[in-house]
Amino acid sequence: DGLFATLIADGVAERPLYEAAVDVQGQLQSETPPRILHADGVSWPLLTYDFLALKIATDTFLEWWPKFAGLPEFGADAIAEWDALWEPVFRRGEAGANVFTHRDFHAQNLLWLPERKGAARVGLLDFQDALRAHPAWDLTHLLQDARRDVSPELESAMLDRFLAARPTLDREAFIGDYRALAASNAARILGRVFARQALL
């Protein structure tokens, strides 16, 4: 009952919730991500959301969107152009992959726990796909949420809040990476999540 998406739909003010979520990002990213994760007697490596992983995820658009939209498959020239357009995005995504990333950080996976203090007021669900990734990645899920509309004004304010807490980041470079990775994620969602699921 305390999911951010549910509370906001019921009329709870969204800005304080988003501020708390952005603050959680700041706290998570202030910690050096471990190389190995341990839980309940099991250990596994914290993998990196690298060039190949970003490319495979984004390329699902090439495979599934034409089938969904009734279009011919992309030809070799179009695929080569696609690859050339995305290559610098994936390179920067991998080069900046230095923080612990939830990877599915959005209003339906965040739980408001007001009896707690500070960052602990935000419970995190569906974190099993966590990776080491670019610091913009989780913000793209939160602020360009495929499941609900986030106003441009709220998005801008939350980016300002995040960057104010991370003064060592180059603002212009970060915003460029944020927008490019958000576009990559949108292509992934259109291809793998929407088109593929509609067809299967």
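In which crossing, left-handed or right-handed, does α3 pass α4?

## Model and conventions

The structure is a predicted model, in which local features need pLDDT of at least 70 and side-chain atom pairs count only at pLDDT 80 or more, while totals for chains, interfaces and linings use all residues. Residues are numbered from 1 along each chain as its sequence is written, and side-chain values use heavy atoms, with hydrogens and water left out. Helices (H or I, at least four residues) and strands (E, at least two) are DSSP runs numbered from the N terminus.

## Helix α3 against helix α4

α3 passes α4 in a right-handed crossing, where right-handed means that the near helix is turned clockwise from the far one by less than a right angle, and left-handed that it is turned anticlockwise. The axes of helix α3 (residues 51-69) and α4 come within 9 Å and cross at roughly 145°; such axes are lines fitted to C-alpha atoms, for helices over the stretch in contact, and the angles run from 0 to 180 degrees between N-to-C directions.

From α3, the contact (heavy atoms within 4.5 Å) draws on Phe51, Leu54, Lys55, Thr58, Asp59, Phe61 and Leu62, and from α4 on Ile79, Trp82, Asp83, Trp86, Glu87, Phe90, Arg91, Gly93 and Glu94. Sorted by class, the contact of α3 with α4 comprises eight nonpolar, two polar and six charged residues, with Ala, Val, Leu, Ile, Met, Phe, Trp, Tyr, Cys and Pro taken as nonpolar, Asp, Glu, Lys and Arg as charged, and the others, Gly among them, as polar.

α3 passes α7 in a left-handed crossing. On the α3 side, the residues that meet α7 include Leu54, Thr58, Phe61, Trp64, Trp65 and Phe68, and their partners in α7 include Leu181, Ser184, Ala187, Leu190, Gly191 and Leu199. The residues of this contact of α3 with α7 divide into twelve nonpolar, four polar and four charged.

Helix α4 (residues 76-95) also packs with helix α7 (residues 171-199), at an angle of about 125° and with the axes 10 Å apart, so that α4 and α7 are likewise oblique to each other. α4 passes α7 in a left-handed crossing. Here Trp82, Trp86, Val89, Phe90, Arg92 and Gly93 in α4 meet Ala173, Asp177, Ala180, Leu181, Ala183, Ser184 and Ala187 in α7, and the residues of the contact of α4 with α7 comprise nine nonpolar, two polar and two charged.

Serine 184, placed in helix α7, counts as buried at 2% relative accessibility; buried means under 20% relative accessible area, exposed over 50% and partly exposed in between (1.4 Å probe, protein chains only). Not counting residues up to four places away in sequence, serine 184 touches Thr58, Trp86 and Phe90.

The 17 residues of helix α2 (residues 14-30) should span 24 Å at 1.5 Å a residue, and the end C-alpha atoms of α2 are 25 Å apart, which agrees; the expected span of a helix is 1.5 Å times one less than its number of residues. The buried residues of α2, among them Leu17, Tyr18, Val22, Val24 and Gln29, pack against α1 (4-9), β3 (99-101), β4 (110-112), β5 (122-124), α5 (137-143) and α6 (152-165).

For α6, the 14 residues should span 20 Å, and the end C-alpha atoms are 20 Å apart, which agrees. Its buried residues are Leu154, Glu155, Ala157, Met158, Leu159, Phe162 and Leu163, and these buried residues of α6 pack against α2, α5 and α7.

## Loops and backbone

Most residues other than glycine have a negative phi. Aspartate 40, in the loop between β1 and β2 (42-45), has a positive phi of about 50° although it is not a glycine, and aspartate 40 is exposed, with a relative accessible area of 82%. Aspartate 126, found in the loop between β5 and β6 (131-133), has a positive phi near 60° and counts as partly exposed at 30% relative accessibility.

Threonine 48 lies in the loop between β2 and α3 and counts as partly exposed at 31% relative accessibility. Threonine 48 and glutamate 94 are 46 residues apart in sequence and 7.8 Å apart in space, C-alpha to C-alpha. Leaving aside its neighbours within four places in sequence, threonine 48 is in contact with Ala97 and Arg132.

Technical notes:
Angles under 35 degrees count as roughly parallel, over 145 as roughly antiparallel, 65 to 115 as roughly perpendicular and the rest as oblique.
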